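Q: I have a structure open and want to go through some of its local features. Can you take my questions as they come?

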Amino acid sequence: MKREQNQERPNILFIVTDHQRADSLGMVQCGVEVTPNLNRLASQGTVFSRAYNASPICVPARTALATGIYPTANGVVFNDWKGQRAGDHQPIHQYLSEGGYDVAHIGIDHIKVNPPIRQRVPFAKWIDNGDYAQYLANQGIDDTPPEGMDAYKRRVFEKQDGTRVEASYSNTHVNEWPFPSEHFKDSYFCQEATEFLQTRSTESPARPFALFLYLWAPHPPLRVPEPFASRFDPGQIELPANVNRPAQNEPTNRREGVPAQLAADVSLDQWRTVWAAHLGLVNLADEWIGRVLSTLESTGFNDNIVTAFMSDHGDHLGQHGLYQKMEMYEQAIRVPMVFCGPTILAQTIDSPVSHLDVVPTLLDFAGIAKPHTLDGRSLFPPLVDGEHLPATSIFCQYSGNPTVGDIRRAVITERYKYVYDPDDMAELYDLGNDPLEMENLAADPSHHDTVQALHAQCNAWALAHNDWIT
């Protein structure tokens, strides 16, 4: 959908957090609203209550989000930090830059394309982890934890290229980050974002801007600065009913996966401490996002801006006896997603949507033609015109980390989720009647036709999207 040529194109603010669960929006724990600023944004715009990523792990999720192309099609199927498998695919930053936008990147850089994203776009501003390290050095802050980083790691065994090898992942250890919260990584990134907006407001550029703000919180390690470290009392945390409870008829290899190993032997009291730290980091990110949103208002940019918020993936936080992501349960693959702006309706849309829908949606807002190579659909019509969003299946893939390892493929419909594993039994969950996904119905004869139909969809998707792994 093209905007009228005489209509001023909106600026764009695109915010992505890391490990933030969909249910954090609107959540209250210990009598504290976890995301008050994002809740306010959500009340003014459109909330997609069933938004899903393309992969429950950082680099594949963020690369798919940025390119609008499935991981097996864009080449980035695991945490390929060096971009060795990355293909020549345009990220949204490049589309916008070539379409007449000044583009800024602030935050972590987990998008892998070839050539790299920084070589593709003449960024108006670029701030990343290296800049933050220099900032800490300038402040005289040594970020090394006194107990050592090994305290925040757990040794596990994972499948890599068909062989089980020893690896190290962030664990459930919690401690305070002992410096003022304004020096925390996400605080720094948000301060840089507000500075960009304030500087931009004093200029008169001919081109609109697109500001991409990629935060780290609430990604582990769980080192939390005050006052956020004390904001949620572990003793008052209300845990979901399925913490430390695997689903009935769980695939036999599930306990061999990394998330299950990371959650092994963690007690309910320990999970409450983990939840308190995780929510503290979510609350920290929300507070600083609120300062960025306040800057939009004070600078007058609210009059013509599209703000999009989402996370790359969630975190199981003990549910199903799992920690971190890398599985297909709702806690890992369902993400918060909010769009807000002067032309965007205040509403909640409950139909399933995908990360892959974001690129075509932003291109429609920017008035830039959409290439036929994109795998998603534009959400512009329901956002602006209130058009009904037709039901469609959403596909999600996990292929291991840091090489090809455990394989999962998921199909999500309005009611069901089907999960295919080439090495184990299938899974089927009735999301309407079993939102915690505690009963695997795949072997139930009464659901045979549903399993067959969704497996056929999964197979057709694999053939159509170059799923070279399965």
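This is a predicted model: local features need pLDDT of at least 70, side-chain atom pairs count only at pLDDT 80 or more; totals for chains, interfaces and linings use all residues.

Q: Is helix 2 itself enclosed or open, and why?
A: It is largely enclosed by the rest of the structure, because 10 of the 10 residues in helix 2 (residues 58-67) are buried. Arg-62 is among the buried residues, as are Thr-63 and Thr-67.

Q: What do those buried residues pack against?
A: Three helices and three strands: helix 3 (71-74), helix 4 (92-98) and helix 11 (358-366), plus strand 1 (11-17), strand 11 (209-214) and strand 13 (305-311).

Q: Switching to helix 9. How many residues, and what reach?
A: Helix 9 covers residues 268-299, which is 32 residues. From first C-alpha to last it reaches 46 Å, close to the 46 Å expected at 1.5 Å a residue.

Q: And what's just past its end?
A: Gly-300, with a positive phi of about 85 degrees.

Q: How does helix 7 sit against helix 9, at what angle and distance?
A: The axes of helix 7 (residues 185-201) and helix 9 cross at roughly 5 degrees and come within 9 Å. At that angle helix 7 is therefore roughly parallel to helix 9.

Q: Which residues meet there?
A: On the helix 7 side they include Asp-186, Cys-190, Ala-193, Thr-194 and Leu-197. On the helix 9 side they include Leu-284, Trp-288, Ile-289, Val-292 and Thr-299. By class, the contact of helix 7 with helix 9 divides into 8 nonpolar, 7 polar and 2 charged residues.

Q: What about helix 1 and helix 9, what angle there?
A: Helix 1 (residues 36-44) packs on helix 9 at about 55 degrees, with the axes 7 Å apart. Helix 1 and helix 9 are therefore oblique to each other.

Q: Which residues make that contact?
A: Pro-36, Asn-37, Leu-38 and Leu-41 from helix 1 meet Asn-283, Asp-286, Glu-287, Ile-289, Gly-290 and Leu-293 from helix 9. The contact of helix 1 with helix 9 has 5 nonpolar, 3 polar and 2 charged residues.

Q: Strands now. Is strand 18 covered or open?
A: Mostly covered: 5 of the 5 residues in strand 18 (residues 394-398) are buried.

Q: Which way do its residues point?
A: Ile-394, Cys-396 and Tyr-398 point one way, Phe-395 and Gln-397 the other, and all are buried. In a regular strand the side chains alternate between the two faces of the sheet.

Q: How many bridges does it share with strand 19?
A: There are 5 bridges between strand 18 and strand 19 (residues 408-412), and the two run antiparallel. Opposite Tyr-398 stands Arg-408 of strand 19.

Q: Do strands 5 and 17 pair in the parallel or antiparallel sense?
A: Parallel, with 2 bridges between strand 5 (residues 51-52) and strand 17. Tyr-52 has Ser-354 in strand 17 as its bridge partner.

Q: Last one, Phe-157. Buried, partly exposed or exposed?
A: Phe-157 counts as partly exposed because its relative accessibility is 42%. Phe-157 is in strand 8 (residues 153-160). Leaving out residues up to four places away in sequence, Phe-157 touches Arg-164, Val-165, Glu-166, Glu-256, Val-258 and Gln-261.

Conventions
Residues are numbered from 1 along each chain as its sequence is written. Side-chain values use heavy atoms; hydrogens and water are left out. Helices (H or I, at least four residues) and strands (E, at least two) are DSSP runs, numbered from the N terminus. The expected span of a helix is 1.5 Å times one less than its number of residues. Buried means under 20% relative accessible area, exposed over 50%, partly exposed in between (1.4 Å probe, protein chains only). Two strands pair if DSSP finds at least two bridges between them. Contact means heavy atoms within 4.5 Å. Axes are lines fitted to C-alpha atoms, for helices over the stretch in contact, and angles run from 0 to 180 degrees between N-to-C directions. Angles under 35 degrees count as roughly parallel, over 145 as roughly antiparallel, 65 to 115 as roughly perpendicular and the rest as oblique. Ala, Val, Leu, Ile, Met, Phe, Trp, Tyr, Cys and Pro count as nonpolar, Asp, Glu, Lys and Arg as charged, and the others, Gly among them, as polar.
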